[in-house]
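Subject: Handover of a structure

Dear colleague,

Please find the structure below, followed by an account of what was found in it. I would be grateful if you read the two side by side.

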Amino acid sequence: LQVWENVRRWIKRSPVSAYFVLAFTLTWSMGFLLIANHNGLVNVPPALHYLSSYGPALAAIIITLLVSGRKGLSDLTSRIVKWKIGWKWLLIATLSPFAIAGVATLVNFLIKGTWPDFRTSGEVEYLGNIGIAAALLLWLATFGFGEEIGWRGYMLPRLVGLGVVPTMLLWVSCTASGTCRSCSPQVFTTTPETRYLWYPCFSPP
């Protein structure tokens, strides 16, 4: 009981550090389980890969409840549906991934002389070709909400006070770690063509 009280005091005193520890613990615990499965040490469905995306969101919810209670949780979840940007930036955020994909497709054609097989755009690892719409919904529901509720919704607003450079360095470190977990060869292979098309847009607090 005393240990828990000490942990709780530390969480309230250092919520960002506590979030980092819990988010990486939850996420990588699933990651290491899948690595063990890949090496034949355990037998679990590889599709559990998608559940690992909820580590950051779950950590954000737990730390928020411990530090700020239900009021803080209400603020966190309400910002998922708040829009404080104009239509110009909304269009840029929505259309730019398609523009980048179009440029990449053209470059691929200029280099290889062939167009990619767009019929495979709906293929996702471990689940096969589920169609483009279903793939977009899958990425939105997992790595979209699962990661961004934590990193963008919880952590980013608490880092901006550190300044641009420290915030950028910490952000890049988190992104690199997440990419390493998600894209390790033959373990966490993903389909980037659909993964980055849609993410929840969080309003600043």
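In this message, contact means heavy atoms within 4.5 Å. On that basis, among contacts in the protein between residues at least 6 apart in sequence, 69% join residues at least 24 apart. Please note that this is a predicted model, in which local features need pLDDT of at least 70, side-chain atom pairs count only at pLDDT 80 or more, and totals for chains, interfaces and linings use all residues. Residues are numbered from 1 along each chain as its sequence is written, and side-chain values use heavy atoms, with hydrogens and water left out.

Overall composition

The protein has 7 helices and 2 strands; helices (H or I, at least four residues) and strands (E, at least two) are DSSP runs, numbered from the N terminus. Read from the N terminus on, the order of the elements is α-α-α-α-β-β-α-α-α. Of the 205 residues in the protein, 32% are buried, where buried means under 20% relative accessible area, exposed over 50%, and partly exposed in between (1.4 Å probe, protein chains only). The protein exposes about 12,200 Å², and carbon and sulfur atoms supply 70% of that area. Accessible areas come from the Shrake-Rupley method with a 1.4 Å probe, and for residues only the protein chains shown count as cover.

Helix α1 (residues 2-13) and helix α2 (residues 15-38) have axes that come within 5 Å and cross at roughly 115°. Axes are lines fitted to C-alpha atoms, for helices over the stretch in contact, and angles run from 0 to 180 degrees between N-to-C directions. The helices α1 and α2 are therefore roughly perpendicular to each other; angles under 35 degrees count as roughly parallel, over 145 as roughly antiparallel, 65 to 115 as roughly perpendicular and the rest as oblique. On the α1 side, the contact is made by Trp10, Ile11, Lys12 and Arg13, and on the α2 side by Pro15, Ser17, Ala18 and Val21. These residues divide into 5 nonpolar, 1 polar and 2 charged. Here Ala, Val, Leu, Ile, Met, Phe, Trp, Tyr, Cys and Pro count as nonpolar, Asp, Glu, Lys and Arg as charged, and the others, Gly among them, as polar.

Leaving out residues up to four places away in sequence, Leu66 touches Trp4, Arg8, Ile11 and Lys12. The C-alpha atoms of Leu66 and Ile11 are separated by 7.7 Å, although the two are 55 residues apart along the chain. With a relative accessible area of 18%, Leu66 is buried.

The nonpolar cores

A nonpolar core is a set of buried Ala, Val, Leu, Ile, Met, Phe, Trp, Tyr and Cys residues joined through side-chain atoms within 4.5 Å. The largest one has 17 residues, of which Tyr19, Ile63, Trp151, Tyr154 and Met155 touch the most other members. Helices α2, α3 (55-78) and α5 (132-159) each supply at least two residues of this core, and the largest share, 6 residues, comes from α3. Apart from this core lies another, of 6 residues, among them Val124, Ala135, Trp139 and Phe143. Leaving aside neighbours within four places in sequence, Tyr154 is in contact with Pro15, Tyr19, Ala60, Ile63, Thr64, Leu76 and Ile149.

Residues in loops

Ile80 is found in the loop between α3 and α4 (87-112) and, at 18% relative accessibility, counts as buried. Its C-alpha atom is separated by 7.8 Å from that of Gly153, 73 residues apart along the chain. In the loop between α2 and α3 lies Asn43, which is exposed, with a relative accessible area of 76%. Tyr126 is placed in the loop between β1 (123-124) and β2 (128-129). Tyr126 has a positive phi of about 75° although it is not a glycine, and at 30% relative accessibility it counts as partly exposed.

Yours sincerely
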